[in-house]
Amino acid sequence: MKEITAVIRRYKLPETKKALEELGYPSLTIQSVEGRGKQKGALCAEMDSEMPESFCTAVKLKPTPSAYALEHTLPKIALYVPKRLLTIIAPDDAVGGIVESIIKVNRTGRHGDGKVFVSPIEGALRVRTGEKDKEAVS
Amino acid sequence: MKMIRAFIRPEKEQEVVLALEGAGFPSLTKMPVFGRGRQKGLQVGPVHYDELPKTLIMTVVDDEDADKVVGIIHDKAKTGFIGDGKIFVSPVEAAYTVRTGEAKL
């Protein structure tokens, strides 16, 4: 078993869930987190790219980093971008397909698309039935 | 690669983040969490606090940097009183950057 941890854009969540459903692995945990990457947080352009294409440009241009920082009472020195953190536990042979489809759905080519991590999981137990390991995640 | 999950005091968060940034590790994910440790929470007079607020900082670094990052977090988050938190290190087999699709940090 492997644990797939993906940090993605907020508005890409429905699409990602749909893609995972089609793949046959609908179970996941979603967390609302804040984070930043190599760019050290949100630049003006990055905030704009957090919004869907369908938003009008006037709305897109509004949140400058300082306005965003004031609104959320963040110190300007460390800015964070709100993201969604997905945790998926999957059998070994499905990991490649899941990672591929997450990347395919979430890729926009701009900074802030997120990261996908794969790490090993040693055991699992389904609480309702007491099934262990492989049967618990299938 | 290693995933480092540090449960630290919320008020120490900025200090830790700035120290990590200064050492060249700006990437991280943070989330507010609630939990308790070996002391089963906190007793202040007649009031017992079962769940204490903490900040969880999650970051993935290369194997050789793991000790350094843990050291920085330990150094900055330490106050010497109970409730300073814990740092966990776990293995990560692969990391993908979604923007490029490449299998590297």
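**View 1. Val116(A) stands opposite Tyr96(B), a residue of strand 7 of chain B.** Strand 7 of chain B and strand 4 of chain A run antiparallel and are joined by 4 bridges; strands pair if DSSP finds at least two bridges between them. Helices (H or I, at least four residues) and strands (E, at least two) are DSSP runs numbered from the N terminus. The model is predicted: local features need pLDDT of at least 70, side-chain atom pairs count only at pLDDT 80 or more, and totals for chains, interfaces and linings use all residues. Residues are numbered from 1 along each chain as its sequence is written, while chains are lettered from A and ligands numbered from 1 in the order in which they are written.

**View 2. The contact between the chains takes 28 residues from chain A and 23 residues from chain B.** Residues are in contact if their C-beta atoms, placed from the backbone, lie within 7 Å. On the side of chain B that touches chain A, helix 1 (13–22), strand 2 (28–35), strand 6 (86–91) and strand 7 each supply at least two residues.

**View 3. Helix 5 of chain A holds the buried residues Ile98(A), Val99(A), Ile102(A), Ile103(A) and Asn106(A).** Their arc around the axis, taken from the directions from the helix axis to the C-beta atoms, is only 130 degrees, which puts them on the same side of helix 5 of chain A. A residue is buried if 20 or more other C-beta atoms, placed from the backbone, lie within 10 Å of its own, exposed if 12 or fewer, and partly exposed in between. The cover over these buried residues includes strand 1 (2–8) and helix 1 (13–23) of chain A, as well as strand 7 (94–97) of chain B.

Technical notes:
Contact = placed C-beta atoms within 7 Å.
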